[in-house]
Amino acid sequence: MHYTNLLSQIFEKFATYAFPPFLQKIINQSYVYGFDIKMDEFDTLESYPTLNALFTRSLLYPRDFDKNQTIMISPCDSLVMEFGECQDNKAMQIKGKSYCVDDFLKGTLEEGFKYLNFYLSPRDYHRFHAPLDLKVLKIRYIDGILLSVKESSLQSNDAVFTKNKRVILECEDCYQNPFYFVAIGALNVGRIQINFCPEITKHQESLPKESKEIIFKTPYLLKKGDEIGTFQMGSTIVLFFKQWDIGLKERERVYFGQQIARKEN
């Protein structure tokens, strides 16, 4: 077992342990203060019986977003780390550090795809959502290690994305174009929960060091804004798509529901 996976397992035991209420409140307060988390959209600190419950907190009220099918929305609260067009089967995890897309997706990607990387820090809301109406055709779980995905790690380590544990949703967008939604595990992210496919989460717990693929006989339909799943602590989401114009800047902070791209004419 890689040492980062072991550290993540130890941290998970701490984060999922329910301490006495007075002590748990202090732990929760320290976490919120330490990461400068804004709790306006969430429940009170006393309502979270474990640190993990605070990490995976849900919104008290739904966010508004543009329902127009020509608009793609951000799937999460995050920092935009990198985006661009895949070139020679390469994409960037961060400027100056490329990786092989085929190795990452465990399948060949045709020409013309763009990629968009979102970094979720420990302070962020850790649930992620559908950026468009999507038909999920296949889910693939790839086992791996749990390197940090913060900026310093991406700059100092090669091909972090292809080494780390990840869940790949192979989809079709509302214009019948292929669309890939990839949730990447990281240090302290021992599990990636996919709400509509609990067997993926169970597989991660019971069968380490193995991959798993689930093909849907009938595509699973996600509506724009639907909650797809949850991370523990910080992590990364990568989207691959065609025929959408990205309307963002590098290092821009975005929020779930915000417009991030528009359909090409």
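Predicted model: local features only at pLDDT ≥ 70, side-chain atom pairs only at ≥ 80, totals over all residues.
Start with the second largest pocket, whose volume is about 230 Å³. Select Lys38, Glu41, Phe42, Asp77 and Tyr255, which lie nearest its centre among the 13 lining residues.

Aspartate 77 sits in the loop between β1 (71-73) and β2 (78-85), and arginine 63 in the loop between α3 and β1, so the pair ties together parts that are 14 residues apart in sequence. Are these two residues buried or exposed? Both aspartate 77 and arginine 63 are buried.

Next, select glutamate 151 and arginine 251, a salt bridge with its closest N and O atoms 3.0 Å apart. Glutamate 151 belongs to helix α5 (residues 151-156) and arginine 251 to the loop between β14 (244-246) and β15 (253-254), so this bridge links parts 100 residues apart in sequence. Here both ends are partly exposed, glutamate 151 at 30% relative accessible area and arginine 251 at 43%. Before moving on, bring Glu41 back beside Arg63 and Asp77: salt bridges with shared partners join these three into one network. In total, the structure holds 15 salt bridges.

For the last stop, show the surface and pick Leu6, Leu7, Ile10 and Leu187, which make a nonpolar patch of about 340 Å². Leucine 6 is in helix α1 (residues 3-15). With a relative accessibility of 43%, leucine 6 counts as partly exposed.

Technical notes:
Residues numbered from 1 in each chain as written. Heavy atoms only, no water. 1 Å grid on protein atoms, 1.4 Å probe; cavity = no way out; pocket = protein on both sides within 12 Å on 5 of 7 lines; lining within 4 Å. Points joined across faces, edges and corners; volume = space filled by probe spheres on them. Patch = residues over 30% accessible without salt bridge, like charges linked within 9 Å, V, L, I, M, F, W, Y side chains within 5 Å. Areas by Shrake-Rupley, 256 points an atom, 1.4 Å probe, with all protein chains shown as cover. Salt bridge = Lys/Arg side-chain N within 4 Å of Asp/Glu carboxyl O. Helix = DSSP H or I, 4+ residues; strand = E, 2+ residues; numbered from the N terminus. Buried < 20%, exposed > 50% of the residue type's maximum accessible area, 1.4 Å probe, protein only.
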